[in-house]
Amino acid sequence: MLVLVHFQSAAQPNTIKADRLAYVDEAIQVLSFSNDPNEARLFILCHNGKIWVYEDGEVLPEPFLDLGPDGLDIVDFGIGAEEGLNGMVLDPNYEENGFFYLMYNGWKPDGSGINLYDEHLICFKRDENNPYKADTEQNSVLLTFEMPRRGHNAGALAFGPDGYLYLSVGDGGATGSGATGGGSGGDSDNNAQNLNTILGKILRLDVHGLDPYTIPPTNPFVGVPDTREEIWAYGFRNPWRWSFDRLTGDKYIGDVGEVDWEEVSFEPAESQGGLNFGWRLMEGTHCYEPIIDCNPDDDMVLPIYDYAHANGLCSVVGGYVYRGTNIPTLNGYYIFTDYCGFEEIKFMTLKQEVDGWAFKPIDLEVEGGFIPFQEWRFGWGEDNKGELYLCTSIAVYRLSSDPDAPVIGKPENLVFSPNPADGLTLMQLGTNASLEWMEVFDPSGKLVANPIISATNLPGLRLDVSNYRSGVYTVRVKCNGTDDLLIGRLVVINNN
Ligand SMILES: [Ca+2]
């Protein structure tokens, strides 16, 4: 008799252990010290303008670069709550050319009693003779623009799989607008929906080191009158932290909300750009201005998740999809946080399942705990191996392990025959224990829903792969009566 068994996903992480690497003031981002895939050293970027090097378990005493008043004191470097260094990325050819890019913003009185707030994309060069130092003589401001008010500066930047530089720009609103009833709240200038300004956008640039950037010819508004051709996507309020999934090239964007709603948006890798993410017509999935009928053509991209300003939560801090190797149970989860939630929910995850997005709160377990109402969560970081870091106002942490994770067995514990397969393949567990659950991940790392198993001769099970695309699949199996995981690789070759 043939028994068809449908298995669901299992093994969800509940708690992730994190190691405190160092106490660092105002850390907002961590990235690898070079593009070498095996690079162990890190850059730690701080809002106050300092870029530290972390090597062999400690922060080196001299910063790589300091834009702030103690260092280069670069013109109009801002030291207000939302001012300062906001993002850093290494040129894809950093090993050869030494270029890296920073976003910072600032403030200066213009002498007439009017304050100017501005933001800059600047390119620097590494010192040719000393990789631990930036060459402070060589830099070039590639993009500079005025911010009408002191806040909403966004400023995260990353190179896409297409080799272009993407960066986020806020809508020009003021710190605390909306919730505190400031006169500039709600994007009253309507910048985010205005394609003739770069405010409230994600931009896409073709950068060339110290030389001026050019517009990628495939940008969505190239040749469209009354638009800024730098624009890739629009309708953002303060997209403070966003990232690419290093495996798939999908974008995850944490857009800080106005009065009621924080949101995470998703842009698939195959997007051709030009998408409208809603602000200020919508805040999250809700109408904002106008308060009804805000999306009459149903053509805006709604967030994959939004949450209310409840339980102390106030500002979303976008993170990364985990693709490292140290925490297998976290693979494929987008982990993010909130600047000031100190109650029940502090960290959150989203995962793309076949039938939609699954949301799950998660805990980060650190020695001594986080300090409530003093340790604000600023940002995240990812190194070249896909391992993730958390940056708070006082410290940097590395996510290290899942204390509840089952031990993963050796690959030979799970054998398929035939392998490669194009139809039914026999999965042998190498044990007489019964199957509790199984997971099949496709070549991109996505979970394949409900693999159809025919159970005819336990402990051998027949897995039907006739509808799978060709590629290498990872199979994880948990048996009853043991905490260990069996893992195997199955090659599928299908011509359909
Ligand atoms: Ca939105």
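These legends describe the whole chain and several close-up views of a predicted model.

**Figure 1. Overview of the chain.**
The chain holds one helix and 37 strands. Its radius of gyration is 24 Å, close to the 23 Å that the globule rule gives for 496 residues, so the chain is as compact as a globular protein of that length. Along the principal axes, the C-alpha atoms fill a box of roughly 85 × 55 × 45 Å. Of the 496 residues, 43% are buried. Among contacts between residues at least 6 apart in sequence, 60% join residues at least 24 apart.

The domain assignment places residues 15–401 in domain 1 and residues 406–492 in domain 2. The centres of domain 1 and domain 2, taken over C-alpha atoms, are separated by 39 Å. Eight residues from domain 1 and six residues from domain 2 take part in the contact. On the side of domain 1 that touches domain 2, three residues are nonpolar, four are polar and one is charged.

Leaving aside neighbours within four places in sequence, Y101 is in contact with V89, L121, C123, L157, L165 and V207.

**Figure 2. The four-stranded open sheet.**
Four strands form this sheet in the order β33-β32-β36-β37, and their pairing is antiparallel. The edges are taken by β33 (447–448) and β37. Each of these two has a single partner strand, so one side of each is left without a neighbour in the sheet.

Strand β36 (residues 471–479) and strand β37 (residues 485–492) run antiparallel and are joined by eight bridges. Within this pair, R476 has I487 of β37 as its bridge partner, and V477 stands opposite L486 of β37. Five residues lie between the strands of the hairpin. G481 in this hairpin takes a positive phi near 85°.

**Figure 3. The cis peptide bond at R280.**
The peptide bond from W279 to R280 is cis, and its omega is near 5°. R280 belongs to the loop between β19 (261–267) and β20 (282–283).

**Figure 4. The cis peptide bond at P420.**
Between N419 and P420 the peptide bond is cis, with omega near 10°. P420 is placed in the loop between β30 (415–417) and β31 (424–428).

**Figure 5. D73, a residue with positive phi.**
D73 is not a glycine, although its phi is positive, at about 50°. The loop that holds D73 lies between β7 (65–66) and β8 (84–90). D73 counts as exposed because it has 12 C-beta neighbours inside 10 Å, and a residue with 12 or fewer falls in that class.

**Figure 6. F373, a residue with positive phi.**
F373 is a residue other than glycine, and its phi has a positive value near 60°. The loop between β26 (356–365) and β27 (377–382) contains F373. With 9 other C-beta atoms within 10 Å, F373 is exposed.

**Figure 7. D19 and the residues it touches.**
D19 is part of strand β2 (residues 15–23). Not counting residues up to four places away in sequence, D19 touches Y397, R398 and S400. There are 13 C-beta neighbours of D19 inside 10 Å, so D19 counts as partly exposed. D19 and D56 are 37 residues apart along the chain, and 14 Å separate their C-alpha atoms.

Key. Residues are numbered from 1 along each chain as its sequence is written. This is a predicted model: local features need pLDDT of at least 70, side-chain atom pairs count only at pLDDT 80 or more; totals for chains, interfaces and linings use all residues. Two strands pair if DSSP finds at least two bridges between them. The radius of gyration is taken over C-alpha atoms; the globule rule is 2.2 Å times the number of residues to the power 0.38. A residue is buried if 20 or more other C-beta atoms lie within 10 Å of its own, exposed if 12 or fewer, and partly exposed in between; C-beta atoms are placed from the backbone. Two residues are in contact if their C-beta atoms, placed from the backbone, lie within 7 Å. Domain bounds come from an automatic or database domain assignment. Ala, Val, Leu, Ile, Met, Phe, Trp, Tyr, Cys and Pro count as nonpolar, Asp, Glu, Lys and Arg as charged, and the others, Gly among them, as polar.
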